[in-house]
Every structure is written in C-alpha cells, then in structure tokens.
Amino acid sequence: MSYESDGNDPILAQQINRESNARTYPRHLPFAIREARGFTVTDMDGDEYYDCLAGAGTLVLGHNHPHVVDAMERILDRNRPLHTLDISTPAKERFVDSLFESLPDEFAARAKVQFCSPAGTDAVEAALKLVRTATGNRSVLGFGGAYHGMTSGALSLMGDTEAKEPISGLSGHVHHLPYPYDYRPPFGVGGEEGHRLAAEYAENLLADPGSGVASPAGMILEPVQGEGGAIPAPDEWLREMRRVTREHDVPLIVDEIQTGLGRTGATYAFEHAGISPDVVTLSKAVGGGLPLAVVVYDESLDVWEPGAHAGTFRGNQLAMAAGEATIDYVLEHDLADRAAEAGERLRESLDETAERFDAVGDVRGRGLMLGVEFVDPTCDWRGPGPHPPDGDFASAVRAACFDRGLVVELGGRESATARFLPPLTVSDEQLDDVAAIFDEAVAAVAGGERAETEVTA
Ligand SMILES: Cc1ncc(COP(=O)(O)O)c(C=O)c1O
C-alpha cells in the first residue's frame, strides 16, 4: 500500500484508525488532498474540487499563490532563521510595516502589536488578558452566535452551547448579548428597529446599576459572524456599540480573524461602519496561509507586564514572509473591492436559487463571506419568525456539492447554513460554476437525493 499512489482510500482508512474522535472536516469531506493551486484542490484519486472552504477563510489568495510561495522561498534560500521566539528579524519588521500599512491611519498611528501563539484563539486569549489587565475588571461582554476559538477564554465566549456543555471551569465572567441576526431577530423584529433594540439592550446593560453586570473589562464582537452562519452586523449597530462602549470606558475588541484582509469588501470589516476599535484580533489571512496570530491595540492599553502573554511559537518567519506578501498583494491589487464585486455576483446567483427552492430560507453575508441558510418549510411551524433551520438538508447539500466537485462547509444554528469563503482571487467564471453546482446540488436534495453525509467510523 502506498500513500502516494493508491488513491484516497488507504489514507482515509488510516486517518479513521488513528486520528481522534474530535476530528472535524474529514467526516464530511472524505478525501485526501494531493495538490492545491489557486481555487482548486486535487485529491488522491485525481478528482478536482473548487475550494470554498479555503482553510476556513484563511487563503485570501488561494492555495500556493506564486507571490506568497516566492516570499517563502526567499527565506528558505538564504539561511534565514525560521524560529526566533519574539526576537526580531528583517522579515518580522517588514511584516509589521505591511500590517500597519493595511490598518486605517487613525488606528495604526496609536497601535501596538503583540505576537501570539499561532492560532486565532490565542490572539483572543491575549486580547482578553490585555483588557482585563488594563481595566482591572473581569467580565467580558460577548454575543449570541459568536465564535472566537476553542481555548478556555475564547470558548467561554462562544455562542453555541454544545461545545461548552461538557467542559467545566470555563470563565463565568462573560455575558452574552443579543446579536442583530436579521433573519431570526432576537427581539422578534428585524431591520432598523431590531438593530435599535439590540443596541438599546447593550446600552441599558451598561448604564443600569441594577443590570447585574459589573463594569466589564471589554466587549468582543465579530463584524460578520463567520462560524455563526455568515451574519453581518449592521453598520449602524456597530457604530452604536462603539459609541456605547466609549461612553462607558469599555474597550471594544473587534475580532477580525475571519473577516480581516479584504474578505468582506473592506480591508477590515469594521471600516464599513467607519469606527475605530480599541483592540483588533487577527490571524488566518494575515499569515498568508501559515500559522500566525497577532493582537493589535491602542497604546493606552499597553500596561501589561513583560512576559504577560508569552509563547514559544511567536516567531514563525515563514508565516511573516507569507503574511507580508499576502497583505501587500491584497492592498496593491485592491482585492477588497474585488471581494465586494465578486460577492455581489455570487449572491445574485444564490438569490436565484433561493427563489426556486422553499428550503432556502435566507441568503446573506458581506463580500466573499456568504451564507445560505436552509429551513424546513414542511414542518408544522406555528412559532414566530421563519421556519426552523434544517441541518439535515444542509448536510445533504454539502454532500451533493462534494460529489459534484465543490467544497462548502456549514455553520450557524443547527449547522444549517452553507458557507462560501472562496479566495478573493476567484474569477467570475469560477463563481458562476460554483453557483451552478450549488443550484444543482440543492435541486438534487430537494428532489430526494441523500448521499452519505457523514463518515461515522
Ligand atoms: C472570528 C474568529 N475568531 C477566532 C477564531 C479561532 O481561530 P483559530 O481556529 O485559528 O484558533 C476563528 C476561527 O474560525 C474565528 O472565525
């Protein structure tokens, strides 16, 4: 048996035998990847797929972009160090130059950066530690539907309760506020009125001495909830969160780990609302596809002690070179604008699918961060609002897409939202192909096709 020449099967069999029960994506995407380039991956059987998962939104330039590969090769060719803890190097300083260049001037002018252990969740941990140290307060305000990572502090802020239930000892110093989810509005009203109510709720919580919530150390939010199901925060609500937190001296942490670097149609998604946060967490795209995570924050918060957030792997030079190349390419080629335009194109096609099938409840998102929520229109539903989310239908669509050469993942309530996170370099033709495959997959499932949707062994 050869892993190189015998196709997917021997690799998948070994994976099932040897890897943890906690493994995730391969349960629904049963292939092993041999090659990856741009928007496509090729599996060990030689089948090609469009990759709308793209490293969970990491690969804004797609797989193995030549500009990024060249930057990494320049490090490898010249005996440059690969691992430096947080000792600096030319590659690191160039990365920080590019990172600061990508941030709005007002924010960059007062910014400090902390390199974290290389996962988004550690940038979130660092941000929480930073604001707790700076304010001396403990509690943090988060939002329903949120996803900030899987380590203890970040997990405590997660909206989805399933992942938290088996774990004891998560921080109790968190409070979840309603996020303005227009399709399933927490106050029963969508649109501007719903956004206003959500903002008023937050303001009242901070203003009312009887709210039960002690002065918070910070508020953390995603400007578009990604894992939560591609739910964009309305700009006016985000502005209100900025006003309210400023008025109450609560540092505002914007988690741009998934939205950052052009994906939503602005370099950073908070820019749509014209706000300036106190803290920004970044990972995924800023490492150019390699592991890297940073927290960037206003210098006034920089009162933690030396070593307050240490970690061995904070000096990944290849990731810094890849990140610098990626940031520069995104800025030089106006890829945020391209994401806005391409997102509009894909969305129009998804809207057409929605018109044809009752099982599509909502199409939403921003830029190239789109989601399609499936519902069960046949269920005898007398409650308020839309029909309930239909995770089984979504799962069958994911399998039908996979069978047709398209990788999409699910998120949101009941995992009923198909999510699209293609690279920002995707062409119009590729997007039209994606839309056509997706439409065909939805039609097949609506017509009764139910392929194997989960590798259960
Ligand atoms: C908004 C957001 N924050 C934090 C994280 C955690 O990042 P990581 O998986 O690299 O720990 C994610 C991951 O998807 C994310 O989308």
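This is a predicted model: local features need pLDDT of at least 70, side-chain atom pairs count only at pLDDT 80 or more; totals for chains, interfaces and linings use all residues.
Residues are numbered from 1 along each chain as its sequence is written, and side-chain values use heavy atoms, with hydrogens and water left out.

The secondary structure of the chain comprises 13 helices and 17 strands, where helices (H or I, at least four residues) and strands (E, at least two) are DSSP runs numbered from the N terminus. For 457 residues, a compact globule would have a radius of gyration near 23 Å, and the 22 Å of the chain agrees with this; the radius is taken over C-alpha atoms, and the globule rule is 2.2 Å times the number of residues to the power 0.38. Along the principal axes, the C-alpha atoms fill a box of roughly 65 × 55 × 45 Å. Of the 457 residues, 54% are buried (under 20% relative accessible area, with exposed meaning over 50% and partly exposed in between; 1.4 Å probe, protein chains only). Among contacts (heavy atoms within 4.5 Å) between residues at least 6 apart in sequence, 71% join residues at least 24 apart.

The accessible surface of the chain amounts to about 19,300 Å², and carbon and sulfur atoms account for 47% of that surface. Accessible areas were computed by the Shrake-Rupley method with a 1.4 Å probe, and for residues only the protein chains shown count as cover. The chain carries 37 positive and 75 negative charges, whose mean positions are 4 Å apart. Lys and Arg count as positive and Asp and Glu as negative, without His or the chain ends; each charge is placed at NZ of Lys, CZ of Arg, CG of Asp or CD of Glu.

An open sheet of four strands shows mixed pairing in the order β1-β2-β3-β15, two strands being paired if DSSP finds at least two bridges between them. Strands β1 (33-37) and β15 (406-407) stand at the edges with a single partner strand each, so one side of each has no neighbour in the sheet. Four antiparallel bridges join β1 to β2 (residues 40-43), and E35 has T42 of β2 as its bridge partner. Strand β2 is also among the elements that cover the buried residues of α1. In this helix (residues 8-18), the buried residues are N8, P10, L12, Q14 and Q15.

L85 is partly exposed at 40% relative accessibility and has a positive phi of about 50° although it is not a glycine. D86 is likewise partly exposed, with a relative accessible area of 40%. Not counting residues up to four places away in sequence, D86 touches K92 and R314. Between D86 and A123, 37 residues apart in sequence, the C-alpha distance is 15 Å.

Two alanines in other loops are buried. A230, between β8 (224-225) and β9 (231-232), has a relative accessible area of 1% and is buried; its phi is positive, near 55°. Most residues other than glycine have a negative phi. A273, in the loop between β10 (252-255) and β11 (279-282), is buried at 3% relative accessibility. Beyond residues up to four places away in sequence, A273 touches D235, L238 and R239. A273 and R239 are separated by 34 residues in sequence and by 6.2 Å in space, C-alpha to C-alpha.
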